[in-house]
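Visitor: Please show me how to read this structure, one feature at a time.

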Amino acid sequence: MSDPVLRPIPRDELTDDQRPLYDAILGGRQGINTLTPLTDADGALLGPFDPILRSPAVGQAISQLGLALRNETSLPRAVTETAILAVAVRWAARFEWYAHAAIVRDAGLIDEDDLSAIAEGREPSDSQTALAWRTAHAVLDGDRLPSELSAAAVQEWGERGLVELCAMVGHYTHLALLLRSLGIEPPV
């Protein structure tokens, strides 16, 4: 494992433009996952949050989309986390897996056998989680969703839910590529 491309910005080195975004990121994500810290010992943000500080306007938009997808969707949390974990596996984004597997375990959203299946690129056994996994994989394939899959997703979550799931996969793919390209790994 090599050093990340960017040196994390300690809290006391933030610019006046970066500080409001930093505070918004911390404020909007407190309590989501008590097992994965948001900052390091110097107060630098971990994961995809540190690099987006370099462009506060873009970072604000990314952060707001992430919060909307986390807090404002109609989808069950197990569905959204399944999609995020499928993205993490597809792009080998170890930080994304680290953070979201902890969320899943902390909240008891997906059982360990299904979590292992997702980690290994296999379809989980729970029917709703399996549908989320298949839909996420179809979106990741980059083609039009097969009609039977989109019909099943609409039946389960409605048109709104299908759109939200597709957006979830797109957003977390964006974050996975950011993490991978900048060499951001889990702190453990």
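Visitor: Which residue follows H7, and is its phi positive or negative?

Guide: Most residues other than glycine have a negative phi, and most peptide bonds are trans. Here glycine 142 comes after H7, with a positive phi near 80 degrees. Helices are DSSP runs (H or I, at least four residues), numbered from the N terminus. This is a predicted model, in which local features need pLDDT of at least 70, side-chain atom pairs count only at pLDDT 80 or more, and totals for chains, interfaces and linings use all residues. Residues are numbered from 1 along each chain as its sequence is written, and side-chain values use heavy atoms, with hydrogens and water left out.

Visitor: Which residue follows H4 with a positive phi?

Guide: Alanine 92, with phi near 50 degrees. It is not a glycine, yet its phi is positive. Alanine 92 sits in the loop between H4 and helix H5 (94-107). Its relative accessibility is 46%, so alanine 92 counts as partly exposed. The cut-offs are under 20% relative accessible area for buried, over 50% for exposed, and partly exposed in between (1.4 Å probe, protein chains only).

Visitor: Back to H7. How far apart are its end C-alpha atoms?

Guide: Compare with the expected span, which is 1.5 Å times one less than the number of residues. H7 (residues 127-141) has 15 residues and should span 21 Å; its end C-alpha atoms are 21 Å apart, so the two agree. At the start of H7, a side-chain oxygen of aspartate 126 comes within 3.3 Å of the backbone nitrogen of glutamine 128.

Visitor: Which residues of H7 are buried?

Guide: An α-helix has 3.6 residues a turn, so residues three or four places apart point the same way. In H7 the buried residues are Thr129, Ala130, Leu131, Ala132, Trp133, Thr135, Ala136, His137, Ala138 and Leu140. H4, helix H6 (112-119) and helix H8 (147-181) are among the elements that cover them. Contact here means heavy atoms within 4.5 Å.

Visitor: How many residues of H4 are buried?

Guide: 11 of its 14 residues, so H4 is mostly covered. Its cover includes H3, H5, H6, H7 and H8. From first C-alpha to last, H4 reaches 20 Å, close to the 20 Å expected.

Visitor: Is glutamate 81 buried or exposed?

Guide: Buried, because its relative accessible area is 0%. Glutamate 81 belongs to helix H4 (residues 77-90). Beyond residues up to four places away in sequence, glutamate 81 touches Arg70, His100, Ile103, Val104 and Leu109.

Visitor: What polar contact does the side chain of glutamate 164 make?

Guide: A polar contact is a pair of N or O atoms within 3.5 Å; within protein, one must be able to donate a hydrogen and the other to accept it, and residues adjacent in sequence count only if both atoms are side-chain atoms. The partner of glutamate 164 is the side chain of arginine 160, at 2.6 Å. Glutamate 164 is in helix H8 and counts as buried, because its relative accessibility is 11%. With residues up to four places away left out, glutamate 164 touches Leu69, Glu72, Thr73, Ser74 and Leu75.

Visitor: Where is proline 76?

Guide: In the loop between helix H3 (56-71) and H4. Proline 76 counts as partly exposed, because its relative accessibility is 31%. Glycine 161 is 85 residues from proline 76 in sequence, but the C-alpha atoms are 9.4 Å apart.

Visitor: What does leucine 179 contact?

Guide: Gly47, Pro48, Phe95, Glu96 and Ile184, leaving aside neighbours within four places in sequence. Leucine 179 lies in helix H8. At 3% relative accessibility, leucine 179 is buried.

How values were computed: Helices (H or I, at least four residues) and strands (E, at least two) are DSSP runs, numbered from the N terminus.
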